[in-house]
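Let's take a walk through this model together, stopping at a few residues along the way. Have the sequence and the structure open as you read.

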Amino acid sequence: RAGSLVLEQTEREYQVRLSNALHYKKRLACGERLTACINADGHVLTTAHLRNARQWSHVRALACGNAHLLALHENGRVSADGNDVDGCTAVGGWENIRSIAAGKYHSLGVTDDGRVLFCGRNDCGQGDVTEWKSIFRVYAADDYTVGLTYEGTLLIAGTPPFSKEILNASWNSPLEVAVTSTHMAAVYRNGRVLSTVMQPASERPGDGEIPNTASWKGVRSIAVGPGVTVGLCFGGRVVAVGENSRGQCETA
């Protein structure tokens, strides 16, 4: 019984940390050429020379592309600054936005009524999202977009490095999704993690590798990079699988 009480206390402490982490997660963002954060009074600090960004106020979430920055304000409006490649910063008319995401040269916003707004480069169909409905959240990779509906279904637009048909019912209702140029991963409330085939650097058809996340247990949060999947487990242990040429998976 004493052991179970300790576990219950640890779980409660974890839930507090998780709540705090989710609260602050959207206050940081980084792209290939800039990093930004929201300070305590709702203003934005950035490593890049973005004059407009440093004048923003009442900001509650950030998203970075290659060299452009999005800010979601408390009133549901969106501001953008940085390199306006193919119109990726044309968000001036966006209203009633609940969440934002950014790819390399494009921007996405989810409205309060579940629609998705898009601007920027759409060379791979990553912007073919305007017909989506009842969207809870979107996740942006450079060449594809993943949408999570309120019902828990995952939708995909664009050209992912995996077959869209693999996202059957077993992928529904994830707790968190992470996308990158090589693969996609999802974590569920029971602590399991699903991942698509990783596309290798050679990009030869059929030469992908299925990450060994099937054996992971008690995972609460995930992150992905090109060829790498990382999981944060209950209790603080970190697990990783995939490309390890530079020690990316050496988390022990």
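Is Cys 37 buried, partly exposed or exposed? Cys 37 counts as partly exposed, because its relative accessibility is 23% and the buried class takes in values under 20%. Keep in mind, as we go on, that this is a predicted model.

Staying with the cysteines, the structure holds 0 disulfides. Cys 88 is in no disulfide, and the nearest cysteine sulfur, which belongs to Cys 119, is 6.7 Å away. Cys 88 itself is buried, at a relative accessible area of 0%.

With 58% relative accessibility, Glu 32 counts as exposed.

Finally, let's look at the backbone. Most residues other than glycine have a negative phi, which makes the next two stops worth a glance. His 58 has a positive phi, near 55°. You will find His 58 in the loop between β3 (44-46) and β4 (59-64), and its relative accessible area of 54% makes it exposed.

Asp 86 also shows a positive phi near 55°, and is likewise a residue other than glycine. Its loop lies between β6 (78-82) and β7 (97-102). Asp 86 counts as partly exposed, because its relative accessibility is 46% and exposed means over 50%.

Methods. Residues numbered from 1 in each chain as written. Predicted model: local features only at pLDDT ≥ 70, side-chain atom pairs only at ≥ 80, totals over all residues. Heavy atoms only, no water. Disulfide = S-S within 2.5 Å. Buried < 20%, exposed > 50% of the residue type's maximum accessible area, 1.4 Å probe, protein only. Helix = DSSP H or I, 4+ residues; strand = E, 2+ residues; numbered from the N terminus.
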